[in-house]
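Okay, thanks for coming, everyone. Let me put the chain up on the screen, and then I'll walk you through the parts I looked at.

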Amino acid sequence: MIVFLIYAAIFVASFFIVKLVVKTATNDFTSLKTVTFGDESAVRPNRIASIISILTIFLLWGAFTGSKLVPSFLHAPGPFIGTAEFDYTAELSTGDRDDATVRVVVTRAGDEPVLPEVEPGDGFAKNDVDEVGAWRSGLIRVDRNDEIPEGADLTVVAVNGQPIEPGGTVQTDYGRIGMSPKGTLNFEPAKGWQMEPIWLPAPEAVVARIGEISREGYRDSTLFEHLGYSLFRVVVGFLFGALVGIPLGYAMGLSDWFRGWFDPIVEFMRPVPPLALIPLVIIWAGIGETGKIILLFLAALWIMAISARSGVSGVNISKVHAAYSLGASKWQIMRYVIVPNSLPEIFTGARVAMGVCWGTVVAAELVAAEQGAGMMIMVASKFQLTDIVIMGIILIGIIGFGIDMLMRWAERILVPWKGRS
C-alpha cells in the first residue's frame with residue numbers, strides 16, 4: 001500500500017510540476033485546434049510523462065529492493081542487519097531470579113554468520129549468542145546453557161525488563177521478541193520496508209541473470225532459443241488465426257446466413273479464456289508443438305473474426321452507395337470500399353490478438369515444453385528463482401511491445417487513410 005501511495009503522490013506532483021514548468025509547443029497541428037477536449041486526434045502521448053513514469057517505476061523498484069543503482073538516500077528502510085542484543089530475566093521454581101544477555105547475529109541470505117564469543121557471566125542464567133537470517137525468525141533457546149539446579153524448573157518472565165508470558169511479545173529496537181506457548185523465546189528482526197530478494201530481486205540482479213543465461217543458457221537452451229521458440233509459436237498461431245478469422249469475419253459482415261450461422265459460435269467462444277481450452281487441446285492434439293499452435297490459433301481466431309466483422313459493419317454506407325452509383329461491381333465494392341475501410345479495425349484486432357497470444361504462450365508452454373520463455377518462467381518459479389521469472393516477464397513485455405510498435409508502423413504505412421472520412 002505504501003508503494004501505491006508513493007506512486008500516486010509522484011504522479012500528482014509530476015503532473016502539476018510539468019504543467020507549471022514546461023510550456024507546450026505552439027507550432028504543432030493540435031495547438032491550432034479550437035476544440036481539443038473530446039477530440040481523440042488531439043490527444044498525443046506526453047513524452048515527459050512517459051519518461052517520468054518509467055523512471056518512477058525503476059526508482060521505486062530500486063528503492064524498495066536496496067538496489068546499488070539507486071542512491072542510498074532514496075532507499076526505503078531496509079531490514080535490520082548486524083548484532084542485536086537484549087536481556088532476559090529467568091526465574092526458577094524456587095523463586096530465584098537472574099538476568100542474562102543474548103546477542104543475535106542477523107545476516108542476509110547466503111552470508112556466513114560470524115558469531116562473537118561471549119562471557120557466560122555469573123549466576124545460573126548464562127549469556128547466549130545465536131544467529132537469525134534477515135526477514136526470518138528463529139527460536140532462541142536461552143535455557144540450553146543455563147545452570148538449572150536439579151529438580152528445579154526455569155521460566156523466562158521478562159525481556160528488557162518488560163514482563164512476558166506464553167503468547168506475548170516485546171518490541172525492541174532490533175525487532176520483535178515473542179514467546180511460544182511452551183515458553184521458548186522467538187526473535188524476529190525488524191524487516192523494514194524493503195522487499196526480500198526471494199520476492200523481488202534488485203534490478204541489477206535481474207540484469208546479471210540476463211547476462212548469465214545469455215552466456216550459459218538455461219536447461220540446455222540459450223536465452224535466444226527460448227525466446228525464438230515462443231516467438232515462433234505466437235507468430236504461427238496468430239497467422240493461422242488471422243487466415244481463418246478475417247475471411248470468417250468478412251463473411252459474417254456481408255452475409256446474413258453466415259452471420260446467423262457463425263454468430264452464436266463466435267459470441268460463445270469469445271469470452272472463453274484460452275487457458276480453459278488447454279485440457280481439451282491436450283486430449284485432442286497431444287502435448288507436442290501441434291497442441292500449442294492450436295491453442296494460440298484459437299486465442300487469435302475469435303478476435304480476428306470479430307474485428308473483421310466490425311470493420312465491415314463500420315463501413316460508411318454512403319461510400320457503398322456512391323460506388324454503386326458509379327457503376328461498380330460487387331467485386332469492386334469489396335476491393336475498393338469494404339477492404340480499405342475495414343483494415344483499420346482489423347489492424348486494431350490484430351494488435352489485441354497478438355497481445356492475447358503472448359499472454360497465452362506462457363500457459364501453452366506449461367505442458368511438456370523443452371524450450372520457450374513460458375517454460376523458463378514456470379520452471380524457475382518452482383525453484384523460487386524470482387530473478388529469472390522477472391527476467392522472462394520483462395523480455396516477453398519488451399518483445400510484445402516491439403511487435404505492437406511494428407504493427408502500428410505497418411498500419412501507418414499500409415492504412416494511411418485511417419481516421420479520415
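Before the helices, a word on how angles work here: axes are lines fitted to C-alpha atoms, for helices over the stretch in contact, and angles run from 0 to 180 degrees between N-to-C directions. Helices (H or I, at least four residues) and strands (E, at least two) are DSSP runs, numbered from the N terminus. Also, this is a predicted model, so local features need pLDDT of at least 70 and side-chain atom pairs count only at pLDDT 80 or more, while totals for chains, interfaces and linings use all residues. Residues are numbered from 1 along each chain as its sequence is written, and side-chain values use heavy atoms, with hydrogens and water left out.

At what angle do H3 and H11 cross? Roughly 80°, with the axes coming within 9 Å. That makes H3 roughly perpendicular to H11, given that 65 to 115 degrees counts as roughly perpendicular, under 35 as roughly parallel, over 145 as roughly antiparallel and the rest as oblique.

Who touches whom? On the H3 side we have Ala205, Val206, Arg209, Ile210 and Ile213, and they meet Asp387, Ile388, Ile390, Met391 and Ile394 in H11. Contact, by the way, means heavy atoms within 4.5 Å. Sorted by class, the contact of H3 with H11 has eight nonpolar residues, two charged ones and no polar ones. For that count, Ala, Val, Leu, Ile, Met, Phe, Trp, Tyr, Cys and Pro are nonpolar, Asp, Glu, Lys and Arg are charged, and the others, Gly among them, are polar.

Let's zoom in on Ile388, which lies in helix H11. Why does Ile388 count as buried? Because its relative accessibility is 0%, and buried means under 20% relative accessible area, with exposed over 50% and partly exposed in between (1.4 Å probe, protein chains only). Beyond its neighbours within four places in sequence, Ile388 is in contact with Arg209, Ile213, Tyr218, Met376 and Ala380.

Now the packing overall. A nonpolar core here is a set of buried Ala, Val, Leu, Ile, Met, Phe, Trp, Tyr and Cys residues joined through side-chain atoms within 4.5 Å. The largest one has 45 residues, and Phe238 and Met391 have the most contacts inside it. The largest share, eleven residues, comes from H9. As for Phe238, leaving aside its neighbours within four places in sequence, its contacts are Ala300, Met304, Ala350, Ala353, Met354, Cys357 and Met407. Apart from this core lies another, of 26 residues, including Phe80, Ala84, Val104 and Val170.

On to the strands. Two strands pair if DSSP finds at least two bridges between them.

Thr169 has Gly178 as its bridge partner in S8.

Is S8 itself mostly covered or mostly open? Mostly covered: in S8 (residues 175-179), four of the five residues are buried. Take Gly175, which lies in that strand and is buried, with a relative accessible area of 1%. Setting aside neighbours within four places in sequence, Gly175 is in contact with Val170, Phe187, Glu188, Pro189 and Ala190. The C-alpha atoms of Gly175 and Glu188 are 5.7 Å apart, with 13 residues of separation along the chain.

Last item, the other sheet. This open sheet has five strands in the order S3-S2-S1-S5-S6, with mixed pairing. Strand S3 (128-133) and strand S6 (162-163) stand at the edges with a single partner strand each, so one side of each is left without a neighbour in the sheet. Strand S5 (residues 154-159) and S6 run antiparallel, joined by two bridges, and Ala158 stands opposite Pro163 in S6.
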